[in-house]
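Please look through the structure shown below before reading on. The paragraphs after it go through its parts in turn.

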Amino acid sequence: MALLTTTVTGAVLVYEDDAICAQAFAAVLRHASHTVQIATHFQPALAAPQADFPIDILLTDLVFPDGGVNGMALARMGLINHPGLKVIYVTGHDTGDLSKAACGPILRKPVPDEKLHFWMQRALAKSHEFWRL
């Protein structure tokens, strides 16, 4: 007998300074039937949940080399107005002790599609602290 699995989809905001990386994440997520919006600057990223795009998950880069608002700060700002927001961080940099302050998993770039799908499903299925295994 085959096991049936249910795939849950949601609305994802991708906050990423690298346009190619943002498009790659968006393509993977859209292929899995998620609704995706991309923001490369913090102002549109903060406005998205208040506009006509309700967000379930924020997929955010941690480090913005040009001095922009980093993903950790954006997540905190987003959680103030949307306490149920799920956050998944991505980075190509060493995270040091950041995982202690993170309100979601920190995935190392390049992120395999399967790993991204795993965390998306886990975030959409759990009500809080979904990143704690």
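In this predicted model, strand β4 (residues 86-91) and strand β5 run parallel and are joined by 3 bridges. Helices and strands here are DSSP runs numbered from the N terminus, with at least four residues of H or I for a helix and at least two of E for a strand. Two strands are taken to pair if DSSP finds at least two bridges between them. Within this pair, V90 stands opposite L107 in β5, and T91 stands opposite R108 in β5.

Numbering starts from 1 along each chain as its sequence is written. Because the model is predicted, local features need pLDDT of at least 70 and side-chain atom pairs count only at pLDDT 80 or more, while totals for chains, interfaces and linings use all residues; side-chain values use heavy atoms, with hydrogens and water left out.

Next comes the cover over β4. The strand is mostly covered, with 6 of its 6 residues buried; buried means under 20% relative accessible area, exposed means over 50%, and partly exposed lies in between (1.4 Å probe, protein chains only). In a regular strand the side chains alternate between the two faces of the sheet. K86, I88 and V90 point one way from β4, V87, Y89 and T91 point the other way, and all are buried.

On to the neighbour β3. It runs parallel to β4, and 5 bridges join the two. D61 stands opposite V90 in β4. Between these strands the chain crosses from β3 through α3 to β4, and the β-α-β crossover is right-handed: with the strands pointing away from the viewer, the path from the first strand over the helix to the second runs clockwise.

D61 itself belongs to strand β3 (residues 57-61). Is D61 buried or exposed? D61 counts as buried because its relative accessibility is 4%. Apart from neighbours within four places in sequence, the residues in contact with D61 are Y15, E16, D17, N70, G71, V90, T91 and K109, where contact means heavy atoms within 4.5 Å.

One of those residues, Y15, stands opposite A39 in β2. Strand β1 (residues 11-15) and strand β2 (residues 35-39) pair in the parallel sense, over 5 bridges. Together with helix α1 (residues 19-31), β1 and β2 make a right-handed β-α-β unit.

The strands can now be put together. They form an open sheet of 5 strands in the order β2-β1-β3-β4-β5, with parallel pairing. At the edges stand β2 and β5 (106-108), each with a single partner strand, so one side of each has no neighbour in the sheet. On average, neighbouring strands of this sheet are turned by 20° against each other, direction ignored. Helix α1 packs on the sheet and touches β1, β2, β3 and β4, and its direction makes about 170° with that of β2. Helix α3 (residues 71-81) also packs on the sheet, touching β1, β3 and β4, and its direction makes about 170° with that of β4. Axes are lines fitted to C-alpha atoms, for helices over the stretch in contact, and angles run from 0 to 180 degrees between N-to-C directions.

Last comes the protein as a whole. It has 5 helices and 5 strands, which run β-α-β-α-β-α-β-α-β-α from the N terminus on. Of its 133 residues, 41% count as buried. Among contacts between residues at least 6 apart in sequence, 64% join residues at least 24 apart.
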